Amino acid sequence: MADNETNPVPFRGGGFSHKPSFTVWMMVFVMLILFWEFGSNIGFISNLVLPAPSEAFNAFLQLIDSGMLWKHLRASLQRLILGWTFGTLLGVGVGLLIGLFSNVRAGLSPLVSAIFAIPKIALLPLFIIWFGIGEGSKVATILFGTFFPTVIATYGGVDNVDRSLIRMGQSFGLSRLSIVRKIIIPGALPAILSGFRISASIGIILLVAAEMIGAEFGVGAYILLAGSLMATDQLIAGVSILSLMGLSMAWVIGKVENYFLKWRV
Amino acid sequence: MTGIPQSLPSSFFHFFIFMDLQLNNITHAYGDMTVLDDIDLTVSGGEIICIVGPSGCGKSTLLRLMGGLERPDSGEVLLLGEPPKSSLNPLTYIFQDFALLPWRTVEGNISLALEDHPISKQESRKIIDDVLSRTHLSDFKKAWPRQLSGGMKQRVAIARALAVRPAVMLMDEPLSALDSQTRELLMDDLIDLWMRESFTAIYVTHNLQEAVRFGHRIVVLSRRPGRVREIVKIDKPLSERGADNEELDEVQHYLWRLMRDDARAADRELLNG
Ligand SMILES: Nc1ncnc2c1ncn2[C@@H]1O[C@H](COP(=O)(O)OP(=O)(O)OP(=O)(O)O)[C@@H](O)[C@H]1O
Ligand SMILES: [Mg+2]
């Protein structure tokens, strides 16, 4: 063993933390599309199996030209926004009540857990009977589907608020209302907002499902029609629209999070 | 009793109002486990009482009972004298874990304690500026708690407590989450605050050195169920209790001798469940 040998200590730290990189993601995306296009052109990917991206894009342009895109999109967004807004607002309200009052919790939380597990789309026929085949049943499906996850996220958030902060509020003689407004709700907000992310994607899933069962317009109806005609290019175009809808909702929620949770990092 | 130096202007902002606190035969249990047994104690205005005792003997519980955060099973906690009108929150806590709202800035955390009171915006801004300058935090008014060191966080909590002009300060190991240097500095700050204008305080600690440095009287509790084992009085004024003080060292050793066997037994008890 030579004791005059010097070696740098090998570096073993680093990793396990994420840096967002838009360029990497763009490169992956573009390469995937190029590979797909190339594969379709040389026949490696059969047109019957999957249309080329350019074909799907053409179908999308056609949709714009015919003026149908706006009709479908408007119908879908209207249902989604109505259902999701009321579902989450009611969900936050009920979730706070369950979180704050033990009587409400004892009465409602088993019910919430029981209904949460039911795939809401199975209830669509019931909703059609109750609210009619038109907009009512579709909005109700989305409302119902987004309500329950929001309730659970909200009261989970309330339960997780640091008890020592509540005790601090009491020790300064704050009113109950002040404690709820200034300590419990801000403390539960991170959980409520991540609940919104989940309910947004649930909303889109239910939207499409509801529109497939009986709608003249809507992205789901467009996809269903494309599917039954085996127009896979239109199908891919429709699915891409859904994906964009999901991405924009996530983006908006991200902005809201940045604003309200700026105290976090 | 008061430590207000002559040189201060008479218009000096009055943070503290004296009030006596009296505990009569306090007994408290959680389930079958008696935590506090027949505690009698009177704290008079302007006095600092330190409470020491082995882990789990009910020090924090006693402090919660004193501030009305919990009700004793039997016995009573009395405030002697009308709570002064100028005090917004006569019994005010300083917590070990600071208890700052992470979603409010330094300023916002202090204003939290004032918002439920009928105080004008202007007046509350004045109070906030004043307590921040007293705790040397004026430059950090807009900072978030996550940007502050532990010592600064606790100073914010002290500023928040000062803002409501307490009659009695209840402190549960306010320095034990801090490193020893910060602890030393903050202890100096506390003593400084008391010398400028004396206040009544109950100070719970594990640290006997802190106890002999800060307490006029030191209450030694026995292991669970906590009883008052002895009350040690230190006559030396706070201003003369610098480092390397033989008299204080002696008191500290005496306290440790009182507690040692109990502490050892309490330790074994916890191990055996
Ligand atoms: N809310 C509670 N419910 C049940 N038991 C409790 C509760 N609070 C405290 N205890 C028990 O009461 C005993 C005294 O607790 P307390 O926190 O007052 O002790 P302590 O003297 O402050 O201890 P430490 O020095 O570790 O802070 C402990 O055994 C603890 O487990
Ligand atoms: Mg304790």
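Which side chain has an N or O atom 3.0 Å from an oxygen atom of ligand 1? The side chain is that of His206(B), and the pair qualifies as a polar contact, meaning a pair of N or O atoms within 3.5 Å. This is a predicted model, in which local features need pLDDT of at least 70 and side-chain atom pairs count only at pLDDT 80 or more, while totals for chains, interfaces and linings use all residues. Residues are numbered from 1 along each chain as its sequence is written, chains are lettered from A and ligands numbered from 1 in the order in which they are written, and side-chain values use heavy atoms, with hydrogens and water left out.

**Around ligand 1**

- Polar side-chain atoms of two further residues lie by oxygen atoms of the ligand, that of Ser60(B) at 2.7 Å and that of Thr61(B) at 2.5 Å.
- Taken alone, ligand 1 exposes 630 Å², of which the protein buries 63%, with areas computed by the Shrake-Rupley method using a 1.4 Å probe.
- There are 14 residues around ligand 1, each having a heavy atom within 4 Å of it, and those that come nearest are Gly56(B), Lys59(B), Ser60(B), Thr61(B) and Arg224(B).
- This shell divides into 4 nonpolar, 6 polar and 4 charged residues, where Asp, Glu, Lys and Arg count as charged, Ala, Val, Leu, Ile, Met, Phe, Trp, Tyr, Cys and Pro as nonpolar, and the others, Gly among them, as polar.
- Strand E2 (33-43) and helix H1 (59-66) of chain B each supply at least two residues of the shell, and H1(B) gives the most, with 4 residues; helices (H or I, at least four residues) and strands (E, at least two) are DSSP runs numbered from the N terminus.

**Two helices in chain A**

- The axes of helix H8 (residues 176-213) and helix H9 (residues 219-228) of chain A come within 7 Å and cross at roughly 60°, the axes being lines fitted to C-alpha atoms over the stretch in contact, with angles from 0 to 180 degrees between N-to-C directions.
- That makes H8(A) oblique to H9(A), because angles under 35 degrees count as roughly parallel, over 145 as roughly antiparallel, 65 to 115 as roughly perpendicular and the rest as oblique.

**Backbone features in chain B**

- Most residues other than glycine have a negative phi, and most peptide bonds are trans.
- The peptide bond from Arg224(B) to Pro225(B) is cis, with omega near -5°, and Pro225(B) sits in the loop between strand E8 (217-221) and strand E9 (228-233).
- Arg165(B), which is not a glycine, has a positive phi of about 50°.

Technical notes:
Polar contact = N/O pair within 3.5 Å; in protein donor to acceptor, adjacent residues only side chain to side chain.
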